[in-house]
Every structure is written in structure tokens, then in C-alpha cells.
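Got your viewer open and a cartoon on screen?

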Amino acid sequence: MLEVSGLCVSYGSVEAVRDLSLKVAAGSVVSLIGPNGAGKTTTLNALSGVVPVHGGRIMLEGRDITRLSSHQRVAAGVVQVPEGRLVLAGMSVRENLELGAYCRPRQDIPADIARMEERFPVLGQRREGLAGSLSGGEQQMLAMARGLMAHPKLLLLDEPSLGLAPLVVKMIFDLVLELKSQGQTILLVEQNVFQSLAVSDYAYVIENGSIVLEGPAAKLAADPAVARAYLGQAGPSASAPITGR
Amino acid sequence: MNVLGQQLVNGLFIGGVYALFAVGYTLVFGVLDILNLAHAAVFTLGGLMALWLVQNAGLTIWTAFPLAVLFAGLLGLVLDQVAFKPLRRRPDTYFSGLISSIAMAIIFESLAMGVFGAHNSRFPAGTVPVVIWRLGGITITLLQVEILAAVVLMMVALTQLLKRARVGKAIRAVAENQHAARLLGINVDGIIAFTFFLSSALGGAAGILFGLYFDALSPDMGRPIELKGLAVIVLGGMGSVPGAILGGLAFGLSEVLTVAISGTSNLRDAVAFTLLFGIMLVRPSGLLGRGRLREA
């Protein structure tokens, strides 16, 4: 599905991502994990075409999309649900969903909205309410639903569980599993490393803008180096790092 | 009483033209947080282009109006491409955009002077048929009714566009968060260009109506309205379309009422701008706050 090779991204003189390569097979869930500032979000933004890429190649289903603009990438099927959700707070829930389908044929939109409202009943109940009036968990649901409205081939999820209550976090990961069972290809960036690995097929560890470790998710989850790196980054007081594994 | 009534009616018409001008101003500000100081020059060129089409191309005002509005909209596209887009990624884009828009205003005005001449001109007699009604001592002309109808029509069209149309929702999304809009697959540069087109088309329309109403056009006719337009959008709330409409009407009415009550036009601008300060004291964010473009 997705094949990234030699990706380089710089902000001014700072190299945020250096010679990064990764693959996401169709129908799989792949995690990209690593400490804050390692370049996870930058990588997703490079895939979405919202930060300039200085080197490397991004192939989607064998098609080179490296030079496509951000809206062309969405039309090509690369859809990001960004960190912090970024719902359009001043617009209604329904308008947010409609804008998620901005690149879709108009006649399909009402049926797709109905499906999303069935899947996330709260979005139906709050249809005319402002997205900014939703709770954090509801906003994350809206952001996910909005992303799905674009019918992504590849769904990029950036920290979907960040700042949410444990119950909502569970809902988010359940949703990832449900999407996976329906064949959705997902590239997942998470600070919640162990839950993230539990729903993934494969994982990459990124540090200082480069991949330092990769492997099947189950294998990485059992790797003491991953545990050390993760705990070392999060520290003992960070939120809910222990998931009983 | 009739004098007051007459002034109220006049204030309504001139306020409508102010509102139309200010809506264009506020539209760009609401989307980009940038003041486009070439808006008044577009206003002028819209008016002069309509005049040229009527005078030299022999068109009726009904054909000249939409063509000149289209021309003004195209000037907006030029503005975006030349004065704003190249600076968009700069960290000082707000300030540099302001300066480059002043530069474009000077260029536009010089072009207007070169092409149309520096003199005052007016639409040929009979451009709009002169019909006058008297209702209980208040005089209303057909031109006034047409101006008000045109203003209301454009305001309603713009509001509905922002509220319901796909492109209108995209404009609001870009206004709220450009990064999020990009991730949704919205062509942000295209939407910004379209916003400039809309804004300038409305500004040009205001220029034509202004020229018709006061029966005078000149390359510097945009000067007085430039500052008034800024005052109107501050008064109504920066970036708010309904605020600009309300602010325009308030400004127009305060002007004519000052003249009616004081009996002289000396105090007109002083009172209008004092009103601005007064409202700023009570409602610092303007009559309708800010950010309402996003909620349209």
C-alpha cells in the first residue's frame, strides 16, 4: 500500500526526519512509536503533504505521490486524523463531517453521514451543535469519523488517544481494531506504546528522525529495549503507561 | 421631522454602500487575518471601469455593472497572486502583506489616473432613469431603491454562500484553521484566491453604486471610504460579515444624522469616528465580536 524510502524533512537548518524508510502493507495496522520530538508527527505531515519534503520518495499503491499537493494526497487516499483532533470548533458537527468528504462525489455524502451517525450515535444526536461544544472524547470520535468520510485507502492516526479518559481510550483502540477487521490500512502514531503495539501487525521505532528498530508488533512489545526506551522517555509520572503487560 | 426622516432614508442607502465595501474588507481579514489596504483602490477601479463601459463601450448600466464587478474580482486575484501569496510563508506575513497591499493600492490608483484621467467624471445623464417618489414628504429615488436592492441581494447571496455552499464551508474551514483545512483535502490556496475574488467583486460593486449615488467618480474616490471601511469593520467586529453590515449601516446613519441635527457637515466624520471609540469602550471586540465568519 504505502512505501516510503529515504524520506528527509528539514525545518530551516534542523533535520526533523532523516533518511526514513517504512512500509505499510494493505489491510495492516502499523505503529510508528518513539519519544516526543522524534519526528513522528513530521513524518505523518510529510505523508500528508503539509510539510515540504527535501528528499526521498513516497509511493502509494505503486504511484509516486511525493510531489502531490496536500489536497491531491487526500484525493489519492492518504487521510490524516491530526494530533489534537483539530475539529472545526465554530462549525457544526454535520458540517465537519461534510468537509471530511470534501474530495468525494457530492451524491455519496448524505449516505456516508448517515453511516457515521449510526456508528457514532453521539454525532447524530449533536448534529447541529458546534463541534467545539463536544467533549474531548466526542471530538476525537468526530475527527475519526471526519477522516473516514474521505474513504481513505491509508488512514494516518496521530495520537488519537492523547488526553482522553481511559474508557474513551479503550473505545478508540476498539475502533482501530474494528476498522482493521474491515480491511482498513492504518499507520498509527501513539504515545500509548503498549496498547498501540497490541492492535498493530508491525511497528517502527523512530528516534531523532530515523528508524532505529522495526519488527512485528508482538515481537517489539516483548523487547526490553523498547520498554526501556519508552519508560525512559515517559518517566514514572507520565499518564497511564502501564497496561498490565 | 421630515428632514430627519429624509436623512434616515439617505443614511440607509449610504450605509448600505459602506456595508458592501466593508464586507469585502472583513471577508479577507476573516480568512487570512490580513488587512488588504488595496481594497479601496479596487473600489475605485470597479467604479471607473463601469463608467468606461457605459461611456466608451456604449453598454447599459445593467450590462456594465456585472462586467465591472467581474473585473474587480479579477483584480482581487491579481492582488492575491502578486501582493499576498509570495509572502504567505514568511513569518512576518501579516505586516509584509499589509505593506505590499499599500504598494498595490498605489499602483492601481496610478493606473486609474493614467487610463481614466485625474479629473472628476460622472455617469452620462440617463444611465439610470430618474424616477422620484414622495412619501409623506420623504423623497426616494428609483436609484436609491435599486442600490438598496443590489446591496441586499449581494449580502443575502454572500451569507447563503458562506452558510450552505460547499465552497462557503471551505472558506470558513480555511478561516478557522488552515492546517486542518489542508488535511481535509481543501485546496487552501485556491480557496484564498476565491476569497479575494469575492471580496474584490463586492468592493468593486460598492464603487459602482457609490459613483452612481453621488454622481461623481475620480481616481481618488476610494480615499475617504478606505478609512471608513476600516472603522466599520472594527465597529462591527473584525472578520464578522453580519458585523460589517451592521457597522456600515450604523456608520452611514450616524453621518447623516449628525448633519441633520447639527445643520452642518463639518462634524460629520468627527461624530462617526467618536461613535467608533464609544462602542470600542463598551464592546472592545466590536458589535458582533470576532470570528463570526466561521459560524456564518
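Predicted model: local features only at pLDDT ≥ 70, side-chain atom pairs only at ≥ 80, totals over all residues.

Residues are numbered from 1 along each chain as its sequence is written, chains are lettered from A and ligands numbered from 1 in the order in which they are written, and side-chain values use heavy atoms, with hydrogens and water left out.

**Stop 1: the interface**

Colour chains A and B separately and look where they meet. Here 21 residues of chain A touch 19 residues of chain B, contact meaning heavy atoms within 4.5 Å. About 2000 Å² is buried between the two chains, and carbon and sulfur atoms give 61% of that. Buried area is the accessible area (1.4 Å probe) that two parts lose on being put together, summed over both.

How many salt bridges does the rule find across the interface of chain A and chain B? There are two, a salt bridge being a side-chain nitrogen of Lys or Arg within 4 Å of a carboxyl oxygen of Asp or Glu. Select B:Arg172 and A:Glu95 to see a salt bridge, with the closest N and O atoms 2.9 Å apart.

**Stop 2**

Helices here are DSSP runs (H or I, at least four residues), numbered from the N terminus. Axes are lines fitted to C-alpha atoms over the stretch in contact, with angles from 0 to 180 degrees between N-to-C directions.

H3(B) crosses H8(B) in a right-handed way, that is, with the near helix turned clockwise from the far one by less than a right angle. Their contact residues comprise 19 nonpolar, four polar and one charged. Ala, Val, Leu, Ile, Met, Phe, Trp, Tyr, Cys and Pro count as nonpolar, Asp, Glu, Lys and Arg as charged, and the others, Gly among them, as polar.

**Stop 2: H2 and its partners**

H2(B) packs on H8(B) at about 55 degrees, axes 7 Å apart, and the crossing is right-handed. Among the contact residues are B:Gly46 and B:Gly47 of H2(B) and B:Gly203, B:Gly204 and B:Gly207 of H8(B). By class, this contact has six nonpolar, eight polar and no charged residues.

B:Ala40, B:Phe43 and B:Thr44 meet B:Gly222, B:Ile225 and B:Glu226.

**Last stop: B:Tyr213**

Finish on B:Tyr213, in helix H8 of chain B. Beyond four places in sequence, its contacts include B:Phe13, B:Leu143 and B:Ile147.

Notes. Helix = DSSP H or I, 4+ residues; strand = E, 2+ residues; numbered from the N terminus.
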